[in-house]
Amino acid sequence: MTAVHLVCPHCAATNRVPQERLAEDPQCGQCGQPLAPAQPIELGDAQLAGFLAKTEVPVVIDFWAAWCGPCRSYAPHFQAVAERHPEWQMVKVDSDQAPVASQHFGVRSIPTTILWHQGREVARQAGAMSAAQLDQWVSQHLA
């Protein structure tokens, strides 16, 4: 049984979870909150770096802004992929509220989707995608 580390999006505790149990709604051992919710996790400047540094599953990051029309149309597709893939951590970062993260990742346009895995950026896509396109994009880059 292979275990992976997941960082709790609520209290930032690192939890060791058997990979086979990711779809079973694992809870944080420290605060009891869900570790792999079926919806995107919202993170900001204070949480993103630590979350990425210690999370061992693929992380799909959506840099967005509330005023951005394409970002709003992309949100339901991003949500749909989060519901289908508990083995991926789906993260939303509001570029206006997290300028340090946006600058660190060199986000020049929104929405921008970044795939992070094994301590590094694996792929980047500017612009909105459908759920099917996002699913295929992530799967292709993880293969």
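I take a residue as buried when its relative accessible area is under 20% and as exposed when that area is over 50%. The model I am examining is a predicted one.

**Entry: helix H2.** I looked up the extent of H2 and found that it runs over residues 69-84, 16 residues in total. From its first C-alpha to its last I read 24 Å, close to the 22 Å expected at 1.5 Å a residue. I then examined its axis: H2 bends by about 30 degrees at Ala75, and Pro76 is the proline that follows within four residues.

**Entry: the buried residues of H2.** Which residues of H2 are buried? I list Cys71, Tyr74, Phe78, Val81 and Ala82. I recalled the general rule that, with 3.6 residues a turn in an α-helix, residues three or four places apart point the same way. I next asked what covers the buried residues of H2.

Entry: I located Pro111 in the loop between helix H3 (99-104) and S6. The peptide bond that joins Ile110 to Pro111 is cis, and I note its omega near -5 degrees.

**Entry: positive phi.** I noted Ala12, a residue other than glycine, with a positive phi near 70 degrees. Ala12 belongs to the loop between strand S1 (3-7) and strand S2 (14-18). Is Ala12 buried or exposed? Its relative accessible area is 51%, over the 50% cut-off, so I record Ala12 as exposed. Asp25, also not a glycine, has a positive phi near 55 degrees, and I placed Asp25 in the loop between S2 and strand S3 (41-42).

Terms used: Residues are numbered from 1 along each chain as its sequence is written. This is a predicted model: local features need pLDDT of at least 70, side-chain atom pairs count only at pLDDT 80 or more; totals for chains, interfaces and linings use all residues. Side-chain values use heavy atoms; hydrogens and water are left out. Helices (H or I, at least four residues) and strands (E, at least two) are DSSP runs, numbered from the N terminus. The expected span of a helix is 1.5 Å times one less than its number of residues. The bend at a residue is the angle between axes fitted to the seven residues ending there and the seven starting there. Buried means under 20% relative accessible area, exposed over 50%, partly exposed in between (1.4 Å probe, protein chains only). Contact means heavy atoms within 4.5 Å.
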